Amino acid sequence: MVLLLDLLTTASMLFIVTVGLMMIFGVMKIVNFAHGALLTLGGYASYVVTRLQIDPWLGWPLAFVTGVAAGMLVERLIVRPLYRRPLDAILATWGLGIVIGQLIMMAFGREVQFVSAPLSGTWQFLGVDYSAYRLLLVPVALLMCLLLAGLLNATDFGVRTRAVIMNEDLASSLGIHSGRVRFITFSLGAGLGTLAGAMITPLSSVDPNMGLSWLVSAFMLVMVSGHSMGGLLLTCAVFGTAQVLVSTYASPVLGGLTIAVLAAVTLRIRPRGFSHG
């Protein structure tokens, strides 16, 4: 039972960490390599809340608002001029990630810090005592998936977003402001990235490089799942299960490589991932 809960919570954490990156890639076809730095920024938002000794739950909204504000600024000043040059945009976001990491290091130092968890203790689930906070992330991930799928599939913004994804020139000729769609999407994706950082930090620690360890896995999961929320959730479940099983029955080192290896094999067989036929 503990292994099953590990599988569920690991898949949930992977989805939470990756969904912001997928939002940006799905619409803009740009891989935001500053995503790791945004995760770190969210972690330090939680750390600030801990240092101020206020309610740890406030770390989540603080991180989200910080990420949205940063996303607005970055989209307007850095990413917008590079829409037609995706390689340059990737390099720009990579450089931005380095800059954010250096600024965080200047502000908070290199030391590993710890934050207060919004929910402590354990819950009993089918006779097993398990971390309450890890269990909480399972319904949180499912709720995020439902809300974002609803946003993209059942709202006017979602219709406009899908139009931009399918054919931006045609969408623009129909009066859809693709620049506004991109601006909102990038800002929301950045906010989801920092929110994810705040969510995962209580389970480990925070340091200026914490986001880098998640960036490769998130990048691989996005490449495989494309722009489908359901596809991303399924990919996180399958790859997360493989990672936990390899870590448990082989070694944690091999477990850390599992997602990258599986993604490489999958993309070799299906170069366009699971979201395409």
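W57 is partly exposed, because its relative accessible area is 34%. W60 counts as buried, at 14% relative accessibility. The rings of W57 and W60 have their centres 5.3 Å apart and their planes at 75°, so the pair is edge-to-face. The model is predicted.

**Aromatic rings**

- A pair of aromatic rings is described by the distance of the centres and the angle of the planes.
- The structure holds six aromatic pairs.
- One of them joins F33 and W94, with ring centres 5.6 Å apart. The planes of F33 and W94 stand at 80°, and planes over 60 degrees apart count as edge-to-face, so this pair is edge-to-face.
- F33 sits in the loop between α1 (2-28) and α2, while W94 belongs to helix α4. The F33 and W94 pair therefore ties together parts that are 61 residues apart in sequence.
- W94 has 43% relative accessibility, so W94 counts as partly exposed.
- F33 and W94 also belong to one aromatic cluster with F219.

**Helices α2 and α4**

- Two packed helices are described by the angle between their axes and the distance between the axes.
- Helix α2 covers residues 35-51 and helix α4 covers residues 86-108.
- The axes of α2 and α4 are 9 Å apart, and the packing angle is about 20°.
- Angles under 35 degrees count as roughly parallel, so α2 and α4 are roughly parallel to each other.
- The crossing of α2 and α4 is left-handed.
- From α2, the contact uses A37, T40, L41, Y44, Y47 and V48. From α4, the contact uses G97, I100, I104 and F108.
- By class, the contact of α2 with α4 has eight nonpolar residues, two polar residues and no charged residues.

**Helices α1 and α5**

- Helix α5 spans residues 132-153.
- The axes of α1 and α5 come within 8 Å and cross at roughly 35°.
- The crossing of α1 and α5 is left-handed.
- On the α1 side, the contact residues are L5, D6, L8, T9, T10, S12, M13, F15, I16, V19 and M23.
- On the α5 side, the contact residues are R134, L135, L137, V138, V140, A141, M144, C145, L148 and L152.
- The contact of α1 with α5 has 16 nonpolar, three polar and two charged residues.
- S12 lies in helix α1. At 6% relative accessibility, S12 counts as buried.
- Leaving aside neighbours within four places in sequence, S12 is in contact with L137, V138 and A141.

**Helices α1 and α10**

- Helix α10 runs over residues 229-249.
- α1 and α10 pack at an angle of about 135°, with their axes 8 Å apart.
- That angle makes α1 oblique to α10.
- α1 passes α10 in a right-handed crossing.
- α1 brings L3, D6, L7, T10, A11, L14, F15, T18, V19, M22 and M23 to the contact.
- α10 brings M229, L232, L233, C236, A237, G240, T241, Q243, V244, L245, T248 and Y249.
- By class, the contact of α1 with α10 has 16 nonpolar, six polar and one charged residue.

**Exposed and partly exposed residues**

- L77 is placed in helix α3, residues 59-79. L77 has 59% relative accessibility, so L77 counts as exposed.
- L77 and V244 are 167 residues apart in sequence. In space, L77 and V244 are 40 Å apart, C-alpha to C-alpha.
- Q53 lies in the loop between α2 and α3. Q53 is exposed, with a relative accessible area of 73%.
- Phi of Q53 is near 60°, a positive value in a residue other than glycine.
- L4 lies in helix α1. At 43% relative accessibility, L4 counts as partly exposed.
- L4 and G20 are 16 residues apart in sequence and 26 Å apart in space, C-alpha to C-alpha.

Methods:
Residues numbered from 1 in each chain as written. Predicted model: local features only at pLDDT ≥ 70, side-chain atom pairs only at ≥ 80, totals over all residues. Heavy atoms only, no water. Axes fitted to C-alpha atoms, helices over the stretch in contact; angles between N-to-C directions. Helix = DSSP H or I, 4+ residues; strand = E, 2+ residues; numbered from the N terminus. Parallel < 35°, antiparallel > 145°, perpendicular 65-115°, else oblique. Left-handed = near helix turned anticlockwise from the far one by under 90°. Contact = heavy atoms within 4.5 Å. Nonpolar A, V, L, I, M, F, W, Y, C, P; charged D, E, K, R; others polar. Phe/Tyr/Trp six-rings, centres within 6.5 Å; stacked < 30°, edge-to-face > 60°. Buried < 20%, exposed > 50% of the residue type's maximum accessible area, 1.4 Å probe, protein only.
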